[in-house]
Amino acid sequence: MTSPRRRVALLTSSLLLGLALPAAPAFAATTVAKTATTKAPTTTTTPTKTPTKTPTKAPTKAATAAPVPTATTKVIEPTPTLASRLAAVKVAKSLNYYPSNAGWSNMWTKFDATRIDADLAKAQALGATNVRALIFPNTFGYPTPKVEYTDKLSRFVTLAAAHNMTVKFTLFDWWDGYADVAGSTTWASAVIKPYKDDNRVIAVEVKNEFDATDTAGVTWAKKMVPAIRAIAPTMPLTFSVDGGAGATGMARIKTALGATPVDYYDYHFYGNSERALANIRTAQAAVAPAPVVIGEVGLNTLQNTEGEQAAFLARVFEAAKIAGVGSLAPWTLNDFSTGAIPTSQVSTIQAQYYYGLYRTNGTAKPAAAVVRAEWTGTALPADLLDPGFEAAAGQTPWSAYLPELGVAVKTQAIAHAGTWSIAFTNTDKSAAGSPSYRVAPITPVQAGQKWTGSVWARGNAATGTNQIALSWFDANDKWLGGVSSASLPVGTTAWTKLIVTGTAPAGSASMQIHVKSGDNTGTVWFDDVLVSNS
Ligand SMILES: [Ca+2]
């Protein structure tokens with residue numbers, strides 16, 4: 001994960017390699033190969049966490065010690081083909097995962113099968129059908145992985161299968177020995193060959209968040225893609241791209257790989273969820289006709305509320321559906337406890353500890369219910385956008401706009417429904433506008449949609465302008481225009497419904513709903529916002 005804005009850089013991953021065979025990706029015949037990036041690993045630390053909630057039923061399996069078979073596959077299904085595996089990749093309900101107390105390489109050095117089994121049971125209960133395994137050459141042993149570690153990988157695949165989950169491998173994480181193609185091939189072969197015909201493993205990411213501006217990496221990648229195909233001919237191969245590089249980075253990889261293309265591209269989304277549809281479509285266009293999946297998507301709850309995290313994931317899931325991207329993988333199942341992340345760039349970034357769907361004590365954040373709804377095809381939580389301002393502190397997706405001019409305060413003094421409303425008192429107004437409380441819809445915003453917003457408002461000696469408004473923005477976050485409702489009559493009023501309607505203008509990629517109060521020397525309360533489109 002990585003993404004400029006809110007993100008933090010995460011890194012991770014590695015990939016597997018394969019062996020030889022077809023040189024062309026399943027979707028098309030194209031070209032060239034690309035290279036890879038680098039990163040640095042580190043050390044480790046501590047555990048923690050406790051599982052708490054668990055949704056649904058999920059089988060579990062025992063974990064523990066013993067190694068598991070490695071070179072074999074479960075024979076329930078026919079031998080996989082490149083097409084069958086790629087089909088699985090495109091719809092995988094995939095999850096990023098490390099134990100709460102053992103992130104990155106620590107998952108392997110402190111391998112705890114019992115904990116992993118319990119976590120995978122939680123993932124299965126969310127509806128996950130696939131889990132990503134990031135593999136570290138410097139931890140496993142390079143160029144020849146130690147049996148202890150290949151056994152751990154085998155046990156991980158077996159634990160996942162026991163929860164009806166397949167696995168994607170990410171090879172060469174926290175590694176950058178690009179000059180050593182022979183050693184890389186030896187290592188990749190040792191890691192992936194046992195799974196070349198194993199239906200439990202559906203894809204290999206050669207390198208996480210590959211930077212195709214790195215010429216050494218590109219040179220290496222162009223050799224490794226064919227080498228891995230030779231090892232595992234029916235294994236779909238990919239590189240992922242960090243959120244900052246985005247579509248540009250994906251196009252760069254495609255160009256760099258030329259005649260030895262990968263089978264699909266893996267986009268990491270840590271950008272603005274309100275513009276997710278436009279961003280995903282741009283990424284798809286950059287590598288068409290190759291398929292795109294979103295291998296990481298997340299928002300930390302250190303710099304954002306848990307309610308915003310939940311809404312963020314829902315927006316990206318909904319956008320992906322419309323764009324035809326059938327697989328997106330939340331980053332990550334668990335928050336990380338202090339000391340869980342090996343000493344590295346990542347471990348020094350506090351936000352990296354807060355991307356989980358579950359807190360370190362094992363309890364679910366609101367985002368877990370969103371992911372479960374998306375994966376099980378059930379309705380999203382009705383209170384996802386906190387329309388009645390009833391969410392607990394720190395769990396609303398609403399945020400203050402122009403707070404220096406006035407701030408919405410949650411209050412139980414008056415409510416149109418439920419227990420809470422929000423109130424503005426003594427607000428100002430500037431050339432920038434009026435202070436407001438704002439949120440964005442879950443439904444992806446597109447030009448031509450007709451949107452309606454309503455809110456109940458009530459005043460006490462209210463003055464100025466108090467209303468609900470809609471604002472549209474393009475894919476570059478440029479304001480395109482907006483509409484506002486009539487203002488609540490000044491003075492002291494009973495609950496009054498304010499309604500605004502407007503059509504998203506050409507170029508619209510996102511919309512914000514604002515309940516606002518400007519130049520108000522009295523008080524206005526707002527409650528029960530309703531937003532819909534047609
Ligand atoms: Ca309320």
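This is a predicted model: local features need pLDDT of at least 70, side-chain atom pairs count only at pLDDT 80 or more; totals for chains, interfaces and linings use all residues.

Q: Fine. At what angle do α10 and α11 pack?

A: Helix α10, which covers residues 306-323, packs against helix α11, residues 366-376, at an angle of about 20°, and their axes are 7 Å apart. The two helices are therefore roughly parallel to each other, an angle under 35 degrees being the cut-off for that term, and the crossing of α10 and α11 is right-handed.

Q: Which residues of α10 and α11 meet there?

A: From α10 the contact takes in Glu306, Gly307, Gln309, Ala310, Leu313, Ala314 and Phe317, and these meet Pro366, Ala367, Val370, Val371 and Glu374 of α11. Sorted by class, the contact of α10 with α11 has eight nonpolar residues, two polar and two charged.

Q: And α11 as a whole, is it mostly covered or mostly open?

A: Mostly covered, since eight of the 11 residues in α11 are buried, where buried stands for 20 or more other C-beta atoms within 10 Å. The buried residues are Pro366, Ala367, Ala368, Ala369, Val370, Val371, Arg372 and Glu374.

Q: What covers those buried residues of α11?

A: The cover includes α3 (113-126) and β8 as well as α10. Just after α11, Gly377 takes a positive phi of about 70°.

Q: What is Ser273 in contact with, leaving aside its neighbours in sequence?

A: Once the neighbours within four places in sequence are set aside, Ser273 is in contact with Phe312, Arg315 and Val316.

Q: OK, sheets now. What is the strand order in the one that holds β13?

A: That is an open sheet of five strands in the order β10-β11-β18-β13-β16, with antiparallel pairing. Its edge strands, each pairing on one side only, are β10 (409-411) and β16 (496-503), and the twist averages 35° from one strand to the next.

Q: How many bridges join β13 to β18?

A: Nine bridges join β13, residues 450-460, to β18, residues 523-533, and the two strands run antiparallel. In this pairing Asn460 stands opposite Thr523 in β18.

Q: And what is the order in the sheet with β14?

A: The order there is β9-β12-β17-β14-β15, again an open sheet of five strands with antiparallel pairing. Here the edges are β9 (399-401) and β15 (479-484), each of which pairs on one side only, and the twist from one strand to the next averages 30°.

Q: How do β14 and β15 pair?

A: Strand β14, residues 465-473, pairs with β15 in the antiparallel sense over five bridges, and Trp479 in β15 is the bridge partner of Phe473.

Q: What is phi like at Asp477?

A: Asp477 has a positive phi of about 70° although it is not a glycine, and Asp477 sits in the loop between β14 and β15. Asp477 counts as exposed because it has 11 C-beta neighbours inside 10 Å, and 12 or fewer is the cut-off.

Q: What about phi at Ala461?

A: Phi of Ala461 is near 55°, a positive value in a residue other than glycine. Ala461 is in the loop between β13 and β14, and with its 14 C-beta neighbours inside 10 Å Ala461 counts as partly exposed.

Q: Why flag those at all?

A: Because most residues other than glycine have a negative phi, and most peptide bonds are trans.

Note on methods: Residues are numbered from 1 along each chain as its sequence is written. Axes are lines fitted to C-alpha atoms, for helices over the stretch in contact, and angles run from 0 to 180 degrees between N-to-C directions. Helices (H or I, at least four residues) and strands (E, at least two) are DSSP runs, numbered from the N terminus. Angles under 35 degrees count as roughly parallel, over 145 as roughly antiparallel, 65 to 115 as roughly perpendicular and the rest as oblique. A crossing is left-handed if the near helix is turned anticlockwise from the far one by less than a right angle, and right-handed if clockwise. Two residues are in contact if their C-beta atoms, placed from the backbone, lie within 7 Å. Ala, Val, Leu, Ile, Met, Phe, Trp, Tyr, Cys and Pro count as nonpolar, Asp, Glu, Lys and Arg as charged, and the others, Gly among them, as polar. Two strands pair if DSSP finds at least two bridges between them.
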